[in-house]
Amino acid sequence: MTSCPHQPTRKQRLMPRPSHKEKIVESGLAVFHEFGYHASGVQTVVDHAGVPKGSFYNHFKSKDELGLAVLDAYWHRTEDVRAILNDTSLNPLERIEAHLAAFTVTQSGCLVGNFTSEMANEPQFRDALKTVYGSWISDVAACISLGQKDGSIRDDQPARTLGEFVVTALEGSILKRKLEDNKQNVIDFRKTILAFLRAN
């Protein structure tokens, strides 16, 4: 007996439908990154996602809840960039250079930095951003500590202090790149920070 061509196969029935929540997070990331958090409304996000506005409130209680989900998604997507700091095929200074070079910075900047400038006064966002920065700084500091032990990185300052400087200076260079629309700013920063970290 042949099956009716209009009936879904068992495989088709088991395949999950595309998640509206995932579409909304993806669109939130794109919209917030390009236009900024405050300049983007829920309607803009759902229009970009191609889903009805009612679907938004099935998954998120507010725009802020979406914003936190977007920040989390963006942070998890940078795992490969941070993993470079643990690449044992490179020495610690080379790892930091590769980590900084892995940032593909556009005029839209870094979402972490953008959210910091827009949302740092909001308690939920402030706590989430502190967690992001804390984790990032710890990863950089651990790599710097290894370089201090092998003599390739200066040891006149604690590794944590140097790690915090690297991360905050990188975000500053990205903001300056947005201001001047000049990608050379970030390239020059990389050269300067490596010269600063290198042991004399």
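Predicted model: local features only at pLDDT ≥ 70, side-chain atom pairs only at ≥ 80, totals over all residues.
The protein chain holds 11 helices and 0 strands, so that, from the N terminus on, its elements run α-α-α-α-α-α-α-α-α-α-α. Its exposed surface comes to about 11,700 Å², and carbon and sulfur atoms supply 52% of that area. Where contacts join residues at least 6 apart in sequence, 62% of these contacts are between residues at least 24 apart.

### Helix 9 and its surroundings

Helix 9 spans residues 123–150 and has 28 residues. From its first C-alpha to its last, helix 9 reaches 41 Å, close to the 40 Å expected at 1.5 Å a residue. Among the buried residues of helix 9 are Phe125, Leu129, Tyr133, Trp136, Ile137, Cys143 and Gln148. The cover over the buried residues of this helix includes helix 5 (63–77), helix 6 (79–83), helix 7 (92–101) and helix 8 (111–119). Helix 10 (159–180) and helix 11 (184–197) also belong to that cover. After helix 9 comes glycine 151, which has a positive phi, near 85°.

### Aromatic pairs

A pair of aromatic rings is described by the distance of the centres and the angle of the planes. Across the whole structure, a search finds 10 aromatic pairs. Two of them are set out below.

| Pair | Centre to centre | Angle between planes | Arrangement |
|---|---|---|---|
| Phenylalanine 32 and tyrosine 37 | 4.9 Å | 55° | tilted |
| Tryptophan 75 and tryptophan 136 | 6.2 Å | 55° | tilted |

The tryptophan pair links distant parts of the chain: tryptophan 75 lies in helix 5 and tryptophan 136 in helix 9, 61 residues apart. Tryptophan 75 and tryptophan 136 are both buried.

In the other pair, phenylalanine 32 has a relative accessibility of 1% and therefore counts as buried, since buried means under 20% relative accessible area. Tyrosine 37, with a relative accessible area of 2%, is likewise buried. Phe32 and Tyr37 also belong to a cluster, in which ring pairs link them with Phe115 and Phe125. Phe125 is one of the buried residues of helix 9.

### Charges over rings

Methods. Residues numbered from 1 in each chain as written. Heavy atoms only, no water. Helix = DSSP H or I, 4+ residues; strand = E, 2+ residues; numbered from the N terminus. Contact = heavy atoms within 4.5 Å. Areas by Shrake-Rupley, 256 points an atom, 1.4 Å probe, with all protein chains shown as cover. Expected span 1.5 Å × (residues − 1). Buried < 20%, exposed > 50% of the residue type's maximum accessible area, 1.4 Å probe, protein only. Phe/Tyr/Trp six-rings, centres within 6.5 Å; stacked < 30°, edge-to-face > 60°.
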